[in-house]
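The walk-through below goes from the ligand and its surroundings to the backbone. Please keep the sequence and the model open while reading.

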Amino acid sequence: MHTSVLLHEAVDSLHVVPNGRYVDATFGVGGHSRLIAEQGAKVLALEWDSHIVKLYADGLRNLGIALVEANYANIAQIAKEKNFVPCDGILFDLGLSMVQIRESGRGFSYEKDEEPLDMRLNNELRVSAADIIASYSKDQLYEIFTKHAEELSAGTIVEYIVRARTLKRIQTVGDLKVAMGEHSNVQTLARIFQALRMEVNNEFRNITLALKGSFEILKTGGRIAVITFHPGEDRLVKRELALIGFKEVHKKPIKGSYKKKFRTFSKVKNCRKINL
Ligand SMILES: C[S@@+](CC[C@H](N)C(=O)[O-])C[C@H]1O[C@@H](n2cnc3c(N)ncnc32)[C@H](O)[C@@H]1O
């Protein structure tokens, strides 16, 4: 079961108006979408994981939620195709849901040794986590472990992985843990798994494109709320939204459980023009 994080805080910050249009860019199990819809607004929900869309697609229409299988990087295009512009608010709850981590069978959790090291959110993605482990150079692996997860032992872990992969392909969660040797403690595993997942799914690139697209479809005065999970993500979101021309509503981010926090930004009238 997934418990929606910062549910009321994030939805309240959007100042939902009845009949308004809201995009939930990360549907998950739909906690935020449902709460917005209960307040009398229309919701266009995006979700990239086709397994999740199949699970939830039926039974949402009556609630005023239209769920679409899509990458949020294409948020502007989808919202235009669905005649959902301009919209009043947009919500991002970045990362994965507990359902995906615990039940997807795609190796998102370091606790399931037998699962394949896949980590692809969508079937269109060609490169799995195992492919990355097998084919990236030392420098590339070092870069993703430091950039996506700020892993201080990245150098040694890369050496261990590169040595282990000469002996056999690292295919499962358990194989990677064995390869990491004494570095396979819970905290380090969490960071390494996060870094691989972010690389497999191009998360930083998708977030950057999604924030730019959000500016295009949000009405002036509309709000965007972003729940982030780790510091790198939070810095990226804050920097991109400021560059695009959004104004932060609260100067301090609001913190919740599971290390998550959220920031709310508003599209103000006098924001400067940018190339989208
Ligand atoms: C933390 S969960 C969202 C939970 C949701 N707010 C709820 O209340 O259930 C994040 C969701 O975003 C989805 N996601 C990740 N990257 C995505 C992308 N590029 N486009 C659309 N959805 C994405 C994940 O598959 C996951 O279901």
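Where does the ligand sit? The ligand sits in the largest cavity. To sit there, more than half of its atoms must lie within 2 Å of the grid points of the cavity. This is a predicted model, in which local features need pLDDT of at least 70 and side-chain atom pairs count only at pLDDT 80 or more, while totals for chains, interfaces and linings use all residues. Residues are numbered from 1 along each chain as its sequence is written, and side-chain values use heavy atoms, with hydrogens and water left out.

On a 1 Å grid over the protein atoms alone, a cavity is a set of points where a 1.4 Å probe fits but cannot get out; a pocket is an open set with protein on both sides within 12 Å along at least five of seven lines; lining residues have an atom within 4 Å of a point. By this rule there is one cavity of 30 Å³ or more. The volume of the largest cavity is about 360 Å³, a volume being the space filled by probe spheres set on the points, which are joined across faces, edges and corners. Its lining has 29 residues, and Thr26, Glu47, Tyr72, Asp93 and Gly95 are the closest to the centre. At least two lining residues come from each of α2 (31–38), β2 (42–47) and α11; helices (H or I, at least four residues) and strands (E, at least two) are DSSP runs numbered from the N terminus.

Around the ligand there are 25 residues, of which Ser4, His32, Glu47, Tyr72 and Gln100 come nearest; a residue is near if one of its heavy atoms lies within 4 Å. By class, this shell has nine nonpolar, twelve polar and four charged residues. Here Ala, Val, Leu, Ile, Met, Phe, Trp, Tyr, Cys and Pro count as nonpolar, Asp, Glu, Lys and Arg as charged, and the others, Gly among them, as polar.

Polar contacts (pairs of N or O atoms within 3.5 Å) involve the side chain of His32, with a polar atom 2.8 Å from a nitrogen atom of the ligand. The backbone contributes too: an N or O atom of Tyr72 is 2.8 Å from a ligand nitrogen, and one of Trp48 is 3.3 Å from a ligand nitrogen. Taken alone the ligand exposes 610 Å², and the protein buries 99% of that (Shrake-Rupley areas with a 1.4 Å probe).

Of its 14 lining residues, Trp48, Asn71, Asn74, Asn122 and Glu124 are the closest to its centre. Both β3 (65–69) and α11 (203–217) supply at least two residues of this lining.

Which peptide bond is cis? The bond from Val85 to Pro86 is cis, with omega near -10°; Pro86 lies in the loop between α4 (75–81) and β4 (87–93). His15, in the loop between α1 (7–13) and β1 (21–24), has a positive phi near 55°. Asn202 also has a positive phi, about 50°, and is placed in the loop between α10 (186–200) and α11. Most residues other than glycine have a negative phi, and most peptide bonds are trans.

How values were computed:
Polar contact = N/O pair within 3.5 Å; in protein donor to acceptor, adjacent residues only side chain to side chain.
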